[in-house]
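Please read them with the structure open beside you.

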Amino acid sequence: DLKAKFARLANENERLSAINADKDRENLDLKENILRYRELEGKHAAVCQDRDNLNQIVQRKDDDLSQKRGKIADLEEQLTQMGELKRKLALLVSDNERLNESLTTCLKEN
């Protein structure tokens with residue numbers, strides 16, 4: 001009777017030891033998963049920071065591009081105005097030459 005009880009207790013102990021070993025493996029897996037999760041959290045935070053930094057760079061580049069487009073538009077306007085001034089200057093030069101010829105003709109006649 002004692003031997004049978006001892007055998008049952010030994011079997012129960014073996015079964016419980018196996019359960020404990022399984023639980024220990026599960027706990028180890030959980031700890032490893034927690035470590036991986038924390039590592040991924042750190043990587044995620046770094047990626048988010050990188051994304052924010054890149055967004056700021058893109059925004060600065062967009063602002064710079066807008067300023068440059070504005071300067072280009074101003075320069076194009078100035079170029080148009082200079083073209084108009086050159087055209088008017090050419091007309092003045094032509095009028096001046098015509099008047100000089102008229103004046104020369106008048107002076108020769110007098």
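1. Which residue forms a salt bridge with R25, and how far apart are the closest N and O atoms? The model is a predicted one, and in it the partner of R25 is D22, with 2.2 Å between the closest N and O atoms. The two residues are three apart in helix 1, so that about one helical turn separates R25 from D22.

2. A second pair joins K23 and E26, whose side chains meet in a salt bridge at 3.7 Å from N to O. K23 and E26 are also three residues apart in helix 1, and therefore separated by about one helical turn. K23 counts as partly exposed, with 43% relative accessibility, and E26 likewise counts as partly exposed, at 41%.

3. The side chains of R51 and D52 form a further salt bridge, with a distance of 3.7 Å from N to O. R51 is partly exposed at 44% relative accessibility, while D52, with a relative accessible area of 35%, is partly exposed as well. How many salt bridges does the model have by this rule? The count comes to nine, and the pairs R25 with D22, K23 with E26 and R51 with D52 are among them. Side chains of opposite charge can pair when their charged atoms come close.

4. On charge as a whole, the chain carries 21 positive and 23 negative side chains, and the centres of these two sets lie 6 Å apart.

5. The secondary structure of the chain comes to one helix and zero strands. The radius of gyration is 47 Å, well over the 13 Å that the globule rule gives for 110 residues, so the chain is more spread out than a compact globule. Along its principal axes, the C-alpha trace spans about 160 × 10 × 10 Å.

6. E12, which lies in helix 1 and is partly exposed with a relative accessible area of 33%, is 64 residues from E76 along the chain, and the C-alpha atoms of E12 and E76 are separated by 93 Å. L92 and K5 are 87 residues apart in sequence, and their C-alpha atoms are 127 Å apart in space.

7. What share of the 110 residues of the chain counts as buried? The figure is 0%, where buried means under 20% relative accessible area. The chain exposes about 10500 Å², and carbon and sulfur atoms supply 57% of that area.

8. Which residues form a nonpolar patch on the surface? The patch consists of L89, L92 and V93, which together have about 280 Å² of accessible area. L89 has its place in helix 1, which runs over residues 2-109, and L92 is found in helix 1 too. L92 counts as exposed, because its relative accessible area is 55% and the cut-off for exposed is over 50%.

Technical notes:
Residues are numbered from 1 along each chain as its sequence is written. This is a predicted model: local features need pLDDT of at least 70, side-chain atom pairs count only at pLDDT 80 or more; totals for chains, interfaces and linings use all residues. Side-chain values use heavy atoms; hydrogens and water are left out. Patches are made of residues with over 30% relative accessible area and no salt bridge: like charges are joined within 9 Å, nonpolar side chains (Val, Leu, Ile, Met, Phe, Trp, Tyr) within 5 Å. Accessible areas come from the Shrake-Rupley method with a 1.4 Å probe; for residues, only the protein chains shown count as cover. A salt bridge is a side-chain nitrogen of Lys or Arg within 4 Å of a carboxyl oxygen of Asp or Glu. Helices (H or I, at least four residues) and strands (E, at least two) are DSSP runs, numbered from the N terminus. Buried means under 20% relative accessible area, exposed over 50%, partly exposed in between (1.4 Å probe, protein chains only). The radius of gyration is taken over C-alpha atoms; the globule rule is 2.2 Å times the number of residues to the power 0.38. Lys and Arg count as positive and Asp and Glu as negative; His and the chain ends are not counted. The place of a charge is taken as NZ of Lys, CZ of Arg, CG of Asp or CD of Glu.
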